[in-house]
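Here are a few friendly notes to read alongside the model. Keep the 3D view open and find each element as you go.

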Amino acid sequence: MFGSLRVLVVDDHPVFRAALCAMLDATDGMEVAGEAADGLTAVADAGRLEPDVVLMDLNLPDLDGVEATRRIVSASPHTGVLMLTMFENEAAVFAAMRAGARGYLLKGARNEQIIRAVRVIGDGEAIFSPAIATRVLSLLGTATPRDESFPRLTLREQEILRLVAQGMGNASIAEELVLSQKTVRNHVSHIFRKLRVTDRTQAIAKAREAGIARSE
């Protein structure tokens, strides 16, 4: 990614929000594009500022974080939403995922974990805290029969998934297919969402099971 990663910080607690903004502004390659204290303002600011990543609290006044995420992703699919909240129950996690969030961290996460997560989301991938990822993958693994587990991907998504399976990064894929890196990141994000996976390794494994990518 060229230039700084622009982040919109959304949290109704001013002290916590200010601390997040200070941390992000002090991090190389990142800048705070704006901040919001409620869901409606977050949606409006996301449309106006077009950030790369939105750090989103779940419990917000006026409009909750899940619905705010849904509206932001619907209007701007290229914007990645990272939930940063105190809630770790399964209902909250799956509601955020269904709304289009690419990541879910708890507020007890260390600064370096939050920074890493923002970078991962900004690169078009998905990330969850270890405890949540384990729970989510366990539930997903038993929720759907194997023969129905692979969703229908577009031809372009299948093409990109094959290149991912060959070990190519987003920049190399963009060069190979003559696409922008942002377009590739969007496709990768959509692939992860359709496959219900959180990283490339899991996506490749599912692709090989379905015959889209060959095993080495």
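1. Start with strand β1, residues 5-10, in this predicted model. Strand β1 runs parallel to β2, and six bridges join the two.

2. Is β1 mostly covered or mostly open? It is mostly covered, with five of its six residues buried. Strand β1 also belongs to a right-handed β-α-β unit, together with helix α1 (residues 14-25) and β2.

3. Next, zoom out to the sheet. In what order do the six strands lie? The order is β2-β1-β3-β4-β5-β6, in an open sheet with parallel pairing. At the edges you will find β2 (30-36) and β6 (127-128), each of which pairs on one side only.

4. Two helices to look for on the sheet come next. Helix α3 (residues 65-75) packs there and touches β3 (53-56) and β4 (80-85), its direction making about 170 degrees with that of β4. Helix α5 (residues 111-122) packs on the sheet as well, touching β1, β2, β3, β4, β5 (103-106) and β6. The direction of α5 makes about 155 degrees with that of β4.

5. Finally, please visit Asp57, in the loop between β3 and α3. An unreviewed UniProt entry places the feature "modified residue: 4-aspartylphosphate" at this residue. Is Asp57 buried or exposed? Asp57 counts as buried because its relative accessibility is 4%, and the cut-off for buried is under 20%.

6. Which residues does Asp57 touch, leaving aside its neighbours within four places in sequence? Its contacts include Val10, Asp11 and Asp12, and also Gly65. Met83, Leu84, Thr85 and Lys107 are in contact with Asp57 too.

Methods: Residues numbered from 1 in each chain as written. Predicted model: local features only at pLDDT ≥ 70, side-chain atom pairs only at ≥ 80, totals over all residues. Heavy atoms only, no water. Pairing = 2+ DSSP bridges. Helix = DSSP H or I, 4+ residues; strand = E, 2+ residues; numbered from the N terminus. Contact = heavy atoms within 4.5 Å. Axes fitted to C-alpha atoms, helices over the stretch in contact; angles between N-to-C directions. UniProt positions renumbered as here; feature names shortened; annotations may be inferred. Buried < 20%, exposed > 50% of the residue type's maximum accessible area, 1.4 Å probe, protein only. Right-handed = clockwise from strand over helix to strand, strands pointing away.
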